[in-house]
Amino acid sequence: MRHGLKAKTRVLVLCGCACALVSSVPAPAHALEFSGGVSVGGIQVGIEPRLAVSPFAGWLWRSEGDFRLEAHNMLSIVPGAGVGIYDRTAVTLGYATKATTVSLGPSLAIYSMPVCGAVICDRVVGVAPGGRAQSDWYFAGPLGVSTSVHVDWAGGSSRVLPGSLVVMVTTGPVWRIEVNPR
């Protein structure tokens with residue numbers, strides 16, 4: 001059990017160092033973008049998948065080239081008998097064209113969720129490191145569609161969270177505003 005925690009910690013430290021290295025390379029900002037929207041999708045926590053409604057917002061720094069650095073937050077509300085909250089923040093490195101963006105990077109989530117395992121149901125609360133991938137397709141100027149995939153590792157041993165893995169896939173409309181600093 002301890003060996004798995006050390007390996008996860010090592011991976012998170014390496015991801016953090018890579019993001020810090022990429023963000024420390026001096027590149028003049030070409031544009032600052034704000035994006036936001038609401039996604040709907042599925043979240044798998046425990047043994048039963050559930051629906052999640054997820055408003056999100058992001059800050060994007062675009063350099064002279066097509067690469068960009070993004071800070072992104074998504075708050076997922078999981079309705080049901082007991083409402084669950086899953087708040088995730090990610091720092092990603094992405095590639096952008098005029099109509100599409102693709103990004104990948106580490107994330108950190110804070111959650112309070114009702115979860116059912118094979119034997120019991122309980123509310124779990126904690127912090128989960130993980131990773132995030134997202135693609136956006138803009139088809140009408142600032143309006144587009146965003147799809148994201150999140151995989152997190154919920155810590156600790158629990159009879160309710162077998163495997164300690166949380167997976168979420170969402171899609172929904174996205175809207176962006178560009179601000180040129182010049």
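Trainee: What pattern does the protein follow when it is read along the sequence?
Mentor: This is a predicted model, in which local features need pLDDT of at least 70 and side-chain atom pairs count only at pLDDT 80 or more, while totals for chains, interfaces and linings use all residues. Residues are numbered from 1 along each chain as its sequence is written, and side-chain values use heavy atoms, with hydrogens and water left out. There are 1 helix and 8 strands in the protein, where helices (H or I, at least four residues) and strands (E, at least two) are DSSP runs numbered from the N terminus. Read along the sequence, these elements give the pattern α-β-β-β-β-β-β-β-β.

Trainee: Which strand is joined to β7 by 11 bridges?
Mentor: Two strands pair if DSSP finds at least two bridges between them, and β7 is joined by 10 bridges to β6, with the two running antiparallel. In the pairing with 11 bridges, which is also antiparallel, the partner of β7 covers residues 165–179 and is strand β8.

Trainee: Which residue takes a positive phi in the hairpin of β6 and β7?
Mentor: Across this pair of strands, Tyr138 stands opposite Gly144 in β7. The hairpin has 2 residues between the strands, and the residue with a positive phi, near 65°, is Gly141.

Trainee: With which residue does Asp152 form a salt bridge?
Mentor: A salt bridge is a side-chain nitrogen of Lys or Arg within 4 Å of a carboxyl oxygen of Asp or Glu, and for the pair that includes Asp152 the closest N and O atoms are 3.2 Å apart. Asp152 lies in strand β7 (residues 143–153) and its partner in strand β4, so the pair ties together parts that are 64 residues apart in sequence. Both residues are buried, and the partner of Asp152 is Arg88.

Trainee: Which residues are linked in a network of salt bridges?
Mentor: The structure holds 3 salt bridges, and in one of them the closest N and O atoms of Arg68 and Glu70 are 3.4 Å apart. Glu70 also meets Arg132 in a salt bridge (3.8 Å, N to O), and because Arg132 lies in strand β6 (residues 121–140) and Glu70 in strand β3, this pair ties together parts that are 62 residues apart in sequence. Arg132 and Glu70 each count as buried at 2% relative accessibility, and Arg68 is buried as well. The network therefore links Arg68, Glu70 and Arg132.

Trainee: With which side chain does the side chain of Ser103 make a polar contact?
Mentor: Ser103 is in strand β5 (residues 100–116) and, at 4% relative accessibility, counts as buried. Leaving aside its neighbours within four places in sequence, Ser103 has contacts (heavy atoms within 4.5 Å) that include Thr92, Gly94 and Arg132. A polar contact is a pair of N or O atoms within 3.5 Å; within protein, one must be able to donate a hydrogen and the other to accept it, and residues adjacent in sequence count only if both atoms are side-chain atoms. At 3.3 Å, the side chain that meets this description with Ser103 is that of Glu70.

Trainee: How many residues apart in the chain are Phe34 and Trp59?
Mentor: Phe34 is in strand β1 (residues 29–45) and Trp59 in strand β2 (residues 48–63), and the pair links distant parts of the chain. Phe34 counts as partly exposed at 28% relative accessibility, as does Trp59 at 46%. The separation of the two in the chain is 25 residues.

Note on methods:
Buried means under 20% relative accessible area, exposed over 50%, partly exposed in between (1.4 Å probe, protein chains only).
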